[in-house]
Amino acid sequence: MTHKALDWIPEELDALEAGALRRRLEPMGTAQGPVVELDGRKLVNLCSNDYLGLAAHPRVVRAAAEAARRFGAGAGSARLVVGDFQLHHELEARLARMKGTPSALLFSSGYHVNAGVPGALVGAGDDIFSDEWNHASIIDGCRLSRAEVKVYRHRDVGMLEELLAGSRARRKLVVTDAVFGMDGDAAPLREIVTLSERHGAMLYVDEAHSTGVLGATGAGLAEALGVTDRVDVMMGTLGKALGSFGAFVAGTRPLTDWLVYRARTFVFTTALPPASVAAAIAALDVMESEPPRRARLDALTIQMKAGLEKLGFPMKEVVVPIFPVILGEEARALEVSRRLREQGYHVKAIRPPTVPPGTSRLRVSLTASHMPEQVEGFLAALRGCV
Ligand SMILES: *Cc1c(COP(=O)(O)O)cnc(C)c1O
């Protein structure tokens, strides 16, 4: 087989290479952690979303192993068929309690939530109002819903208000990331809550980067701002601060009942494996019993922000341990990333289409397991590269 019909692909890949836009996979030789092994070398890892350092925490790993031993490696079916385990319900109850909502519903990933939930809430003839920098999965879910998507400028509540005021749609849905994953900045959630209420719109907030990291109990930005019961649909992932895999929607009981029936990305996919579910439950246990992890992460975040600001990178808007070191051209971001790697620091260059052209960057992130010396070492290395 020559697959001649696929000949256009190598050409496209060559063009990406020429534009410093080619992306490649790099298998790690170790568990997620502050130091990982890549290509046989130990590197300080500054690009993980394992914010609380729970992905390889012994209690979390043990819970996953025990659940696998007892309930098997795979769920074997969708939840509505024969893949519904007690563990799923236990985790849903725990997540609802953490979020302060009456109910929660697990999905197979945050991507599944965002791809499927908008379409369960709105359809043709309805309007969605979406921040221009919302996560790719939200953009895809909005498109799949067939509602009309009105994109407002990043965090621009004035523009959101105009769009809402001009809408004659039957149903309206406002959707925003709580914290934006490439810049670490927060949505003006209080204002968005008020506007959504004033215009009778449903409000959908993606707490992927804020769950476990913001709020008194780690429930996220809505908790931090005291607006939890004014957000209609809250989603979070288990794959970032909770160190596992999977995701959830938190909200009212009728909402989750409706999603069980109507969200296609819930109905038509295999349930989360028992090990992932048990790992997330253990992660919640660790979060509740080891609050110093949050305090350590907050201290490291202050240290990193101050150091980067000293190097001339604005960090004023950063509210989570995500630090955008914006370098501009794609090739420059790649070059700085390569030089840092030579010195033992792994920070990926983030380029278009993930970020707008001309804003290629290092997306630096921290976990509670990093050491202050690793932050200092990185800042010194970066100083020599920019
Ligand atoms: C990571 C992320 C998702 C996707 O979550 P997964 O569980 O990794 O699929 C959704 N939204 C935002 C804002 C994210 O950062």
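Domain bounds here come from an automatic or database domain assignment, and for this chain that assignment gives domain 1 (22–51 + 291–383) and domain 2 (58–289). The structure is a predicted model, in which local features need pLDDT of at least 70 and side-chain atom pairs count only at pLDDT 80 or more, while totals for chains, interfaces and linings use all residues. Residues are numbered from 1 along each chain as its sequence is written, and side-chain values use heavy atoms, with hydrogens and water left out.

**Domains and nonpolar cores**

- The C-alpha centres of domain 1 and domain 2 lie 26 Å apart, and 20 residues of domain 1 are in contact (heavy atoms within 4.5 Å) with 25 residues of domain 2.
- A nonpolar core is taken as a set of buried Ala, Val, Leu, Ile, Met, Phe, Trp, Tyr and Cys residues joined through side-chain atoms within 4.5 Å, where buried means under 20% relative accessible area, exposed means over 50%, and partly exposed lies in between (1.4 Å probe, protein chains only).
- The largest nonpolar core has 89 residues, of which Leu95, Met304, Leu308, Leu340 and Phe378 touch the most other members.
- Helix α11 (residues 274–289) provides the largest share of this core, 10 residues; helices (H or I, at least four residues) and strands (E, at least two) are DSSP runs numbered from the N terminus.
- Because domain 1 (22–51 + 291–383) and domain 2 (58–289) both give residues to this core, it lies between them.
- A second, separate core holds 23 residues, among them Ile128, Leu173, Ala247 and Val267.

**Packing of helices α3 and α11**

- Helix α3 (residues 86–99) packs with α11 at an angle of about 30 degrees, their axes being 9 Å apart; axes are lines fitted to C-alpha atoms, for helices over the stretch in contact, and angles run from 0 to 180 degrees between N-to-C directions.
- The contact includes Leu87, His88, Glu90, Leu91, Arg94 and Leu95 on the α3 side, and Val277, Ala278, Ile281 and Leu284 on the α11 side.
- The crossing of α3 past α11 is left-handed, a term used if the near helix is turned anticlockwise from the far one by less than a right angle, with right-handed used if clockwise.
- Leaving out residues up to four places away in sequence, Leu95 touches Ala104, Leu106, Leu238, Leu242, Phe248 and Leu284.
- Ile281, found in helix α11, counts as buried because its relative accessibility is 7%.
- Beyond its neighbours within four places in sequence, Ile281 is in contact with Leu87, Glu90, Leu91 and Arg94, and its C-alpha lies 9.8 Å from that of Leu238, a residue 43 positions apart from Ile281 in sequence.

**Two further positions**

- Ser337 lies in helix α13 (residues 330–342) and, at 13% relative accessibility, counts as buried; apart from residues up to four places away in sequence, Ser337 touches Val347, Lys348, Ala349 and Leu362.
- Asp229 is found in the loop between α8 (221–225) and β8 (233–237) and counts as exposed, at 71% relative accessibility.
- Although Asp229 and Thr101 are 128 residues apart in sequence, their C-alpha atoms are 7.4 Å apart in space.

**Cysteines**

- A search of the whole structure finds zero disulfides, a disulfide being a pair of cysteine sulfur atoms within 2.5 Å.
- The cysteine sulfur closest to that of Cys47 is in Cys385, at 15 Å, which is too far for a bond.
- Cys47 is partly exposed, with a relative accessible area of 22%, whereas Cys385 is buried, with a relative accessible area of 7%.
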